[in-house]
Amino acid sequence: MPATGVLDPQAEAVLRALGSLGFDGVLGVRQGKVIELDLAESDPRRARDAVESMCIRLLANTVIESYMIEFP
């Protein structure tokens, strides 16, 4: 997701489009991306640590993006 305070023109376009379609109750939109990973690691703590490292080193630009890690 774009970090809080970072301009998100895609989200603004979605917000305007929803309003023009009659969805007036939407107060804000943030548009991001989802990256789904299948890991061989079976230990939840080690898997989370590996994914955290992947995000920091490659998957997220932490200067302008925030990220969330979820496991099923």
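Helix 2 has 16 residues, yet its end C-alpha atoms are only 20 Å apart. A straight helix at 1.5 Å a residue would reach 22 Å. This is a predicted model. Its domain assignment gives domain 1 (1-32) and domain 2 (34-72). The largest pocket holds about 800 Å³ of space.

**Helix 2**

- Ala47, Val51 and Cys55 are buried in helix 2.
- These three lie on the same side of helix 2, because they cover an arc of only 75 degrees around the axis.
- Arg45, Arg46 and Arg57 are exposed on the other side of helix 2.
- With three residues, helix 2 (residues 44-59) also gives the most to the lining of the largest pocket.

**Largest pocket**

- The space in the largest pocket comes to about 800 Å³.
- The largest pocket is lined by 25 residues.
- Closest to the centre of the largest pocket are Val34, Ile35, Glu36, Met68 and Ile69.
- By class, the lining has 15 nonpolar residues, alongside six charged and four polar ones.

**Domains**

- Domain 1 covers 1-32 and domain 2 covers 34-72 in the assignment.
- The C-alpha centres of domain 1 and domain 2 are 25 Å apart.
- Both domains take part in the largest pocket: each of domain 1 and domain 2 supplies at least three residues to its lining.

Notes:
Residues numbered from 1 in each chain as written. Predicted model: local features only at pLDDT ≥ 70, side-chain atom pairs only at ≥ 80, totals over all residues. Heavy atoms only, no water. 1 Å grid on protein atoms, 1.4 Å probe; cavity = no way out; pocket = protein on both sides within 12 Å on 5 of 7 lines; lining within 4 Å. Points joined across faces, edges and corners; volume = space filled by probe spheres on them. Helix = DSSP H or I, 4+ residues; strand = E, 2+ residues; numbered from the N terminus. Nonpolar A, V, L, I, M, F, W, Y, C, P; charged D, E, K, R; others polar. Domains from an automatic or database assignment. Expected span 1.5 Å × (residues − 1). Buried < 20%, exposed > 50% of the residue type's maximum accessible area, 1.4 Å probe, protein only. Arc of directions from axis to C-beta.
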